[in-house]
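My notes follow in the order I took them.

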Amino acid sequence: MGKRYYLLLGAYLTSSIGNWVYRITLPLLVLHQTGSALSTSLVYVVEYVPFLLLSLPGGVWADRWNRRSILISGDLAAAALASALAVLVTAGTTHLWPILLAAFLLGCVDPVYHPAFQSLLPDIVAKEKLGKANSWMQSGDNLMVMLGPAVAGGAIALFGYGTTVTFNACTYFVSAGAILLIGKVGSPRQDRTVRSSILKDIGEAGKYIAKKNKVLLAGSLIFTGTNLATWLVQANFVFYLTTYRHLSSTVLGVVIGCQGVGALVGAALAGHLNERFAPGRIIIVTTVIAGCTTLILIPLRNPVLIGLDWALLFCCASINVVTWFTMRQKVVPRALLGRVVATTRMLAFASIPLAALLGGVLENNFHNIYLIMVVSGIFRLVIAALAWFSPLRGDSRASATKEGSAPSPVGEQAP
C-alpha cells in the first residue's frame, strides 16, 4: 500500500500506545489520590466533553486545511500537554484539578485529529484497498490496546506515575516525526475561493447525513446508544478491578490489555465478514453479542475469565469499527468526508460523558457495580432490537453504490 501508508500506520500505532498509557495512568492516579469512584469517573467525563465541543469544527477544519499539518500540530500539542502533566506529577501534586484539566486538554486534541486522519487515509490509499488498510490499521491499534494497559500498569509499578507520563509525551513526538516524513499529500478538495461560515459547512454535512444517507444517521444514533451502555461499565472498570476484585496495577493492566487481544481478533475477522455480509447487519449482530457478553461478566470472579470476557466484548467492538469506517469512507464524497466523520462521531460519542458521570454516580451511591452491568447489557440488547427495524438493517453496500464514491487518490490508479 506504499511507504506513505506505512508511515501513517507507524505514527498511528505510536500515538495509540501513548493514548492508552495516559488513559490508564490518569484514572489510577486519581483513584490512588482520592479512593473515589466518582472522582475517577470524572477523568473520563472531562476527556470526552471536548468531543461535544470540537468535533464539528474539527470536521470543518479537516475539509478546509491541510490534513497532514493538522495531524502534526495535534501530535505536538499532545506532546506538550503530556510533558507539562509529567512535570506536575513528578513534582508530587496532590490536587485533583490539574489532572482533570490535563485530561480535558488532551481530550481536545482527538476530535480535531481524528477527522483529519480519517480523511487523509483515502488520499494515500486506493479505494479498493480501503477495507484492507482499515483492517491493518485497526489490527495494529488493537495490538497497542493489548500492550498499552500492560505497559502502563507495569511502568507505574516499576517507575511511578511521573516516568510513565513522560514516556507518553515521547510517543507523540515520534508520531509527529513519522507524519512529517510522509511528505506532501494534497489539500482538501474545497474551493478556497469560496468563503463560507463554519455553521454553513457543518449544515452541509448535516443535510447529507439526514437527507441523503439515512444509513449513516441510523448507525450514528445506534452507536450513541451502545456507547452509553459501554461507558456505564467502562468508566467504573478500573474501580471494579481494584476495589471489587483487589487486583494489583500490574494484573489490572494485563486484564484490561485483554481487550487488545479480542480487538485484534475482531479486526482480523472484520475484512472477511464484510466480504460476505451487509455492514449494517454485522453491526447489529455484534451488538447483540456484546450485550450478552456484558451480562456474562456479572458472575465472573477469576481475573482470567474476566479478561476473556472483556476480550470478547472488544472483539465485537473492533469488528464494528472496521465495518463502520470502511463503509463511511466508501460512500461519502471526499470533500465532505472530514465533516461527515466529525458529525457522525460526535453523535456517537455524545453519550459518553453522561454515561461516565452516571456510572460514577450510581456506583458512588449504590455501591453495586453488578446492577450497572445488568442495565448496560440489557440496554445493548434493546439498541440491537431497535437497529433491526432501522435503515441500518438494509444492504449498506447497495447504499454506498447508489450514493457514489470519491475517485481514487491523485497519482494512484485502481488495478
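I started at helix 9 (residues 237-244), where Tyr240 and Tyr244 both lie, four residues apart, about one turn of the helix. Helices here are DSSP runs of H or I with at least four residues, and strands are runs of E with at least two, numbered from the N terminus. The model is a predicted one: local features need pLDDT of at least 70, side-chain atom pairs count only at pLDDT 80 or more, and totals for chains, interfaces and linings use all residues. Residues are numbered from 1 along each chain as its sequence is written, and side-chain values use heavy atoms, with hydrogens and water left out.

**Aromatic rings**

I looked up ring pairs next. Rings of Phe, Tyr and Trp (its six-membered ring) pair if their centres lie within 6.5 Å; planes under 30 degrees apart are stacked, over 60 edge-to-face, and the rest tilted. I get eleven aromatic pairs by this rule. Tyr5 and Tyr6 are edge-to-face, because their planes stand at 70°, with ring centres 5.4 Å apart. Tyr240 and Tyr244 make a tilted pair, 5.7 Å centre to centre with 40° between the planes.

Are Tyr240 and Tyr244 buried or exposed? I find both of them buried. The cut-offs: buried is under 20% relative accessible area, exposed over 50%, partly exposed in between (1.4 Å probe, protein chains only). Tyr5 is buried too, at 0%, while Tyr6 is partly exposed at 40%.

**Cysteines**

How many disulfides are there? I count zero, taking a disulfide as a pair of cysteine sulfur atoms within 2.5 Å. For Cys315, the closest cysteine sulfur is in Cys316, 5.6 Å away, so it is too far for a bond. Cys315 is buried at 10% relative accessibility. Cys170 is partly exposed at 43%.

**Helix 1 against helix 6**

Last, I checked helix 1 (residues 3-34) and helix 6 (residues 161-182). Their axes come within 8 Å and cross at roughly 160°. Therefore helix 1 is roughly antiparallel to helix 6. Axes are lines fitted to C-alpha atoms, for helices over the stretch in contact, with angles from 0 to 180 degrees between N-to-C directions. Under 35 degrees is roughly parallel, over 145 roughly antiparallel, 65 to 115 roughly perpendicular, and the rest oblique.

I noted the contact residues of helix 1 with helix 6 as 17 nonpolar, ten polar and one charged. Nonpolar covers Ala, Val, Leu, Ile, Met, Phe, Trp, Tyr, Cys and Pro; charged covers Asp, Glu, Lys and Arg; the others, Gly among them, are polar.
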